[in-house]
Amino acid sequence: MAAAPATAQAATVFPKSHVGFDSITQQIEKKLLKRGFQFNVICVGQTGLGKSTLINTIFASHLMDSKGRMSPEEPIRSTTEIQSVSHVIEENGVRLRLNIVDTPGYGDLINNDRCWDPIVKYIKDQHSAYLRKELTAQREGYLQDTRIHCCLFFIQPSGHGLKPIDIVVLKKLSEYVNVVPVIAKSDSLTLEERAEFKARIKEEFAFHNLRMYPYDNVEHDHDEVALNAVIKEQVPFAVVGSEKNIVVGGQQVRGRQNRWGVINVEDETHCEFVALRNFLTRTHLQDLIETTSFIHYESFRAKQLLALREGGGYSGGSRPISPSADRELSRSSQRMTMNGY
Ligand SMILES: Nc1nc2c(ncn2[C@@H]2O[C@H](COP(=O)(O)OP(=O)(O)O)[C@@H](O)[C@H]2O)c(=O)[nH]1
Ligand SMILES: [Mg+2]
């Protein structure tokens, strides 16, 4: 972003009677509520790690079919191609359009050479589609946004560490998207094993310089820095998902029965599901959306504009860009140069 021009510090004036501009916050809220919000999540990880189940558990709704069937008559489904499902969920008048993208269980095959390519391509294609819309001369007032705001990366609860392929894929993905890693099915580890596994994964993140979300930002205030420090300590979240209710102490809770007893998904002493859900929905939803736009999309856009300026042409999308968009692209590229990009 361009730096604001320096101006003399203005003194604050308090009007003598109520003017009414303080209602701007309600005006904005009304407009935003009418429009609703869009949140796009992609799930990456091997088949059977509980991706569909976790999404359904986070949003407390049956949004994705799980291979773990709801009834024994249903056939077993497994994900073989990138698919997205959209739902509008509503809470206290706030509408959230949720787009969940399920990816083929990468790493399932014998030859996993470049198996991450379709996933990375999918993420870039959404940036490219947005750029195209942004540059189209007669653009609509509101752009449909399919850019991925969050990539939930499922780590197998092996107890050993990341697999070499995980490191390669995490490196690639984190260039384009906010990556939130989770230790899948953490009920298969004891609390000690879980702590050791987590420490090992953290070491690997640091050693391989893997940049996980949330990021440091100079604009963060003291509270945001403190909150992010807590989150960074918790990442990767050791989660358990379940769509089944079980009865604990006379109460219905979402949980799993395993050979050691009952896991209450929402009990913070059992797993970190609640911490993950709070992080994704209650504290960082807006930041995930903003970071996608200001960091990931901005860097994609800058690269595309640079490529165009250097005569390489627009290389982001699979379709050629329209002549009017091309003209707008070069104008916008000039503007960016003037603004110091
Ligand atoms: N033990 C355990 N099993 C789980 C958990 N989450 C899902 N499962 C089970 O694992 C199987 C695969 O889950 P699914 O969500 O379809 O995995 P996906 O292929 O990654 O989408 C199902 O039988 C689920 O009930 C979990 O946290 N712990
Ligand atoms: Mg699935």
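Trainee: How do β7 and β8 pair?

Mentor: Keep in mind that this is a predicted model. Strand β7 (residues 245-248) and strand β8 (residues 251-258) are antiparallel, with 4 bridges between them. Ile 246 sits opposite Val 253 of β8.

Trainee: How many residues are between the strands in that hairpin?

Mentor: There are 2. Gly 249 in this hairpin has a positive phi, near 55°.

Trainee: And which way do β8 and β9 run?

Mentor: Antiparallel, joined by 4 bridges. Strand β9 covers residues 261-264. Asn 258 has Gly 261 in β9 as its bridge partner. β8 and β9 also make a hairpin, with 2 residues between them.

Trainee: Switching to helices. At what angle do α3 and α8 pack?

Mentor: About 75°, and their axes are 10 Å apart. α8 is residues 285-309. That angle is why α3 counts as roughly perpendicular to α8.

Trainee: Which residues make the contact?

Mentor: From α3, they include His 127, Tyr 130 and Leu 131. From α8, Tyr 297, Phe 300 and Arg 301 are among them. By class, the contact has 4 nonpolar, 5 polar and 3 charged residues.

Trainee: New topic. Where is Asp 145?

Mentor: In the loop between α3 (117-135) and β4 (150-155).

Trainee: What does the Asp 145 side chain pair with?

Mentor: The side chain of Arg 147, through a polar contact of 2.8 Å. Further along the sequence, Asp 145 touches Gln 38, Asn 40 and Tyr 130, leaving out residues up to four places away. Tyr 130 also belongs to the α3 side of the helix contact.

Key. Residues are numbered from 1 along each chain as its sequence is written. Chains are lettered from A and ligands numbered from 1 in the order in which they are written. This is a predicted model: local features need pLDDT of at least 70, side-chain atom pairs count only at pLDDT 80 or more; totals for chains, interfaces and linings use all residues. Side-chain values use heavy atoms; hydrogens and water are left out. A polar contact is a pair of N or O atoms within 3.5 Å; within protein, one must be able to donate a hydrogen and the other to accept it, and residues adjacent in sequence count only if both atoms are side-chain atoms. Contact means heavy atoms within 4.5 Å. Axes are lines fitted to C-alpha atoms, for helices over the stretch in contact, and angles run from 0 to 180 degrees between N-to-C directions. Angles under 35 degrees count as roughly parallel, over 145 as roughly antiparallel, 65 to 115 as roughly perpendicular and the rest as oblique. Ala, Val, Leu, Ile, Met, Phe, Trp, Tyr, Cys and Pro count as nonpolar, Asp, Glu, Lys and Arg as charged, and the others, Gly among them, as polar. Two strands pair if DSSP finds at least two bridges between them.
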